Amino acid sequence: MASPEIPATDLAASPDGPSLPQSVAITGIAGNLGRKLAKLLHMETRIIGIDRRPFREKPKDLEHHQLDIRKNRVEEVFRHGRVEAIAHLGLMHDPRVRFSEAHSFNVVGTQKLLDLAARHGVRKVVLLSSANVYGPLPGNPNFLPEETPLLGAARFPNVRDLVEVDMYVQSFMWKCPQVETVILRPVNIVGPTVKNAPSNYLRLKRPLTVLGFDPMVQLVHEEDVCRAVAIALRLGVRGVYNVTGPGEVPLSAVLAELGREPIPVPHLVVRALARRLFEARLSAYPPGEIDYIQYLCAVDGSRFARDTGWTPRYSLRETIRSVLSSS
Amino acid sequence: MAGVGDEIKQRLQRWTLELGGPGMRERLEKLTPPRNEYGVDPYGFDVDFLQAATAPLLWLYRKYFRVEPHGLERVPNEGRVLLVANHSGQLPFDAAMVEVACLADKDPPRAVRALVDRWVPTLPFVSTFFARCGQVVGTPENCRRLLAADEALLVFPEGTRGLNKPFAERYQLKEFGQGFMRLALESEAPIVPVAVVGAEEQAPAFLDLQPLARLFAFPHFPITPTGLPLPLPVRYRIWFGEPMRFTGSPDDEDPVLESKVARVRAAVASLLARGLEERRHLFW
């Protein structure tokens, strides 16, 4: 499916820069990325948190609703036009959660959220999708543009939710043009607090690699991603955007920078090994993840940079090393 | 492990400089592709690696195939360009030799990027080796992007049809694909026709065993007297033609494009004819 080509307003044109909405609802706010985003924004706009998890160490001035986004009670939060924008971060990626539960939470949750947005006059929706929706296919060009079909689930079923949510939000763009909708597809997010698959992989002392394969990888720092979401929340930005970090680097160079001792496994046996380890709960990586350390899934982030002036603040080395300072 | 790897790399680099002869180091220093703090460009091209990896290929170039390049000055020193060559010899040594010619015998040298098949990224070691040497998967997106960045691309419009043709059909150009012409028109890149003489005889194929090819998912399975990986020590001659410029729309009808493609094919054919005429002997 082609991404809608909606010209973004020229942000540089207005002297003060385009403004943030008066209030932003953040789903998944209790997660590490959600907290970072709330911290970044709460001085500038009113933040409303929605998460079924409790928000530990919540700032006093911050409004939090401990709710499952599929529940009808969420509508209370939206009544009387209290929510001007939504940052939808609350997707579940953990492969160890039962598949049907994660699927319902992600897909039904997104559908309910967009329905509320349309009915309650929300002006802006930002979805934090992922560059993984394109999938690491051997024949991939080196830099995938936003128009690339989302084939990530072809070889790795756990990405299916993400692909479905991304597509659902794309169709919402057309159905509800009055809501400014942005889909961000960042590359692998790493950082001191994130606990996603790529960060955890890079924290392994002796990670598995595929013998003879060394794909170029793209990483982006968690704080840079939060800044990208903040930019996307500004009024005037809309469309589908890849979000890239400070550059491309071979996986081997990342592991060398972190002082890791990789264990190379021949590609003919690595998937069987990964499956055994996953089934025995010795590793958190389903065998489908192997594609990401074997083949290329790098994206072209120039559109977001051109339309919004986006640049990451963390250098390549700082971004790689950020997984070390785990807090 | 890293220590051993570095040692080998340095030795290979020294070998490259030795084989390259006087001035090789200075020439190679003129190669300055963009690179980040980890020594690679966004495609994974690593000049240091290339210098090391070139050594065995340069040995083939100087000592084994004893390549004679003609008209290297016709390859522009800078700016986007498509080198369009005939393809032959069962294994793509012709691509390597064209690239080495542009590195070792051209001043200033040019890092030419060849386009590899879509199944190459599934091969261990080979995929990494090619990427570090600056080769990319030949998707139209990659080609557009590289030409827009003013790079030199090497294309074989015959594809494996040319590479794996039987010995009886040597030096008969197969049909050219049209993709390269669309790219040239779109990016307004000049085309340098290239003829490789000699590679046809390096591994004469008497048979193409299609059933085995299907079994291994290879495009072809040729049977040669030496066995595949060992080419005969034929002498290569590489002829570079005058750059050709084309204008028009890349979206023109096929017949319009075909006539332009035919002109490039004719240019390669006439270079081949000249090369064959001037060749005194197959092996020296």
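User: Where is B:Arg66 in chain B?
Analyst: B:Arg66 is in the loop between α3 (47-64) and β1 (68-70) of chain B. Helices (H or I, at least four residues) and strands (E, at least two) are DSSP runs, numbered from the N terminus. This is a predicted model, where local features need pLDDT of at least 70, side-chain atom pairs count only at pLDDT 80 or more, and totals for chains, interfaces and linings use all residues. Residues are numbered from 1 along each chain as its sequence is written, with chains lettered from A and ligands numbered from 1 in the order in which they are written.

User: Why is B:Arg66 called partly exposed?
Analyst: Because B:Arg66 has 16 other C-beta atoms within 10 Å. Buried takes 20 or more other C-beta atoms within 10 Å of a residue's own, exposed 12 or fewer, and partly exposed is in between; C-beta atoms are placed from the backbone.

User: And B:Asp150, what is its phi near?
Analyst: Near 60°, a positive value in a residue other than glycine. B:Asp150 is in the loop between α6 (140-148) and β5 (152-155) of chain B. B:Asp150 is partly exposed, with 13 other C-beta atoms within 10 Å.

User: Peptide bonds next. Which residues does a cis one join?
Analyst: B:Asp107 and B:Pro108, with omega about -5°. B:Pro108 is in the loop between α4 (93-105) and β3 (112-116) of chain B.
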